[in-house]
Amino acid sequence: MDSKTGLSRDKKMKKLISVFLLGASFIAYALEPIRTGDSLKDSADLANRRTALRCLSNATGYVSDGNYEAALSQARLGIAYDDSISDLWYMVAACGTASGQTRYEILPVLEKSLKKDNWVNYNRDNARLMAADILCETNRLKEALGLLDAKPVLYSSDAEFIRVKTYYRLGDSASVS
């Protein structure tokens, strides 16, 4: 029994194996075969995508450590290898928010992540929430509601908070009710 975590060695090993299998399935899903007919180009595109996904993984690790500068650097490097991965654009926006960038600087990056719509992880809803909040704060209220209510509709405490704030700012009788 580990005194820090309270887990037995067997439980730790099972947890480690499940994390490994989850990571392997993530990589298998994220690395769909690239086929253009030109084997050299396909190989280069696949290598670039793998490198970009490695950068995304590194950026995610840096964010969890609170090192937003390193995370931003990794996200930008990943974009240089494959700019089609929406998660990398979202990571740039999230790091920008953490480092004090303005809404004006962050919103276009979020919009690009949403427009690309090529998500590897589960960041799409987080990007929609962040963009809706920025739209609400910049008085683009109908756009904020449209983003929250687009399919699939976002239902969470954060989404409901942004909805209420947006309806309040609309200020008409239909919004209040």
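Cys136 is buried, at a relative accessible area of 1%. The value belongs to a predicted model, as do the others reported here. Cys95 likewise has a relative accessible area of 1% and is buried. Both assignments follow because a residue is called buried when its relative accessible area is under 20%. A search for disulfides across the whole structure returned zero. A disulfide is a covalent bond between the sulfur atoms of two cysteines.

The secondary structure of the chain consists of nine helices and zero strands. Read from the N terminus, the order of elements is α-α-α-α-α-α-α-α-α. The chain has 177 residues, of which 33% are buried. When contacts in the chain between residues at least 6 apart in sequence are considered, 51% are found to join residues at least 24 apart.

Arg49 was examined individually. This residue lies in helix α2, which spans residues 39–64. The relative accessibility of Arg49 is 10%, so Arg49 counts as buried, the cut-off being under 20%. The side chain of Arg49 is joined to that of Asp82 by a polar contact of 3.2 Å.

Terms used:
Residues numbered from 1 in each chain as written. Predicted model: local features only at pLDDT ≥ 70, side-chain atom pairs only at ≥ 80, totals over all residues. Heavy atoms only, no water. Helix = DSSP H or I, 4+ residues; strand = E, 2+ residues; numbered from the N terminus. Buried < 20%, exposed > 50% of the residue type's maximum accessible area, 1.4 Å probe, protein only. Polar contact = N/O pair within 3.5 Å; in protein donor to acceptor, adjacent residues only side chain to side chain. Contact = heavy atoms within 4.5 Å. Disulfide = S-S within 2.5 Å.
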